[in-house]
Amino acid sequence: MKKLLTLLLLFNLSTAFGKWTTIRNGILWTDTDGNTVQAHAPGFVYLDGRWYMVGEDRANAFHPDVNLYSSPDLVNWKFERKIIQNGVTTPRLGRSRMIERAKLLYNEATQKFVVWCHYESGNYAASEAACFESDSIAGTYRLIWSGRPMGIKSRDCNVFQDTDGTTYFVSTTEENQHLGLFLLSEDYHETVAHTQLLPYQRREAPVIVHVGERYFMFSSACTGWAPNQCKVCHSNSLTQGWSPLENIGDETAFRTQAAAILTIRGTKQTTYLYVGDRWMDPTLPESKIIIFPITFQDDQCQFHYCEQFDIDFRTGRWRITK
Ligand code: GAL
């Protein structure tokens, strides 16, 4: 009887307080096989209770492949497979290209998985993007297209899937001068419309998130691997009305460059997590992935950088512990 009561109490406590997952920053992640996680400048898709993460495999430093991992909690990462093997998945140009900032999308209409990335030559002159597709998330990805989206020179990039299903490729355009918002075709194979954003502001590493009525966009200046001030702007429309850029966080974005913002819709609250790269820490393959909560209030937002925090993925609650 006593045992039963203790069990009931424990059960109630765990449902009342949820289950905390601890996320530590600044450490090199290892996967469930004990290998170093190689998924820099990551992109994410949440599917059937798992986070899928694609990113640059920098083990070969300058000619990255693209790896896919999955995790129930952003901490325990299972290596799924190398989904793009530089020079093999892309035979025409051999290993001459750098595949950077691979981002993953699930297309509900075609039920296919699509990767968009920066597909660059050694001196960054090509200024191209590429698109790959697979029937299953960890399946065989094939090259669909590579080139300059709508003929526009394109470098650092991301993708953005809006709540109404419209999906965009967003990239730094025309020799790093502007950002380009490119609407994707229904099958996500092509860019079909272009809107120039933040003209002459020279921003890169763009990340867009939709919070309530507003879109927020985060970006960095173009200083290579060296971190710089993250800036944010907001608008009620993706194509117009973006506010002036404002500083957010400290002057180096806590030694990171933005890669993604994850939205955790919990039973008690929606929590947003900033994901960034701490490049060259101290070498390129040892660059760290950093995660911390970010909050939004009206048209303002705040970074809550910390060395360690707990998150309850069920309720969405989080607390900084270090
Ligand atoms: C950064 C960019 C990275 C990578 C790097 C190379 O500015 O965000 O994705 O291209 O430059 O120096």
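**Entry: model**
I am working with a predicted model. I kept that in mind for every value below.

**Entry: ligand shell**
I began with the residues around the ligand. I listed Glu100, Arg101, Tyr124, Asp156, Glu204, Gly224, Trp225 and Gln257. I then sorted this shell by residue class. Four of its residues are charged, two are polar and two are nonpolar. Among the charged ones I noted Arg101 and Asp156.

Next I looked up the distances to ligand oxygen atoms. For Arg101, I found a polar side-chain atom 2.9 Å from a ligand oxygen. For Tyr124, an N or O atom of the side chain is 3.0 Å from an oxygen atom of the ligand. Gly224 takes part through its backbone: one of its backbone N or O atoms lies 3.3 Å from a ligand oxygen. On its own the ligand has 310 Å² of accessible area, and the protein covers 88% of that.

**Entry: pocket**
Which pocket does the ligand take up? I found that its space is the second largest pocket.

**Entry: aromatic pairs**
How many aromatic pairs does the structure hold? I got 19. I picked out Phe160 and Tyr215, whose rings are 6.0 Å apart, centre to centre. Their planes make an angle of 85°. The pair is edge-to-face, because planes over 60 degrees apart count as such. I then placed both residues in the chain. Phe160 is in strand β10, residues 154-161, and Tyr215 is in strand β15, residues 214-221. The two are 55 residues apart, so I logged the pair as a link between distant parts of the chain.

**Entry: backbone**
Most peptide bonds are trans, and most residues other than glycine have a negative phi. I noted one departure of each kind. The peptide bond between Asp281 and Pro282 is cis, with omega about 0°. I found Pro282 in the loop between β19 (270-278) and β20 (288-297). Ala41 is not a glycine, yet its phi is positive, near 50°. I located Ala41 in strand β2, which spans residues 40-47.

Technical notes:
Residues numbered from 1 in each chain as written. Predicted model: local features only at pLDDT ≥ 70, side-chain atom pairs only at ≥ 80, totals over all residues. Heavy atoms only, no water. Near = heavy atom within 4 Å. Polar contact = N/O pair within 3.5 Å; in protein donor to acceptor, adjacent residues only side chain to side chain. Areas by Shrake-Rupley, 256 points an atom, 1.4 Å probe, with all protein chains shown as cover. 1 Å grid on protein atoms, 1.4 Å probe; cavity = no way out; pocket = protein on both sides within 12 Å on 5 of 7 lines; lining within 4 Å. Sits in = over half its atoms within 2 Å of the grid points. Phe/Tyr/Trp six-rings, centres within 6.5 Å; stacked < 30°, edge-to-face > 60°. Helix = DSSP H or I, 4+ residues; strand = E, 2+ residues; numbered from the N terminus.
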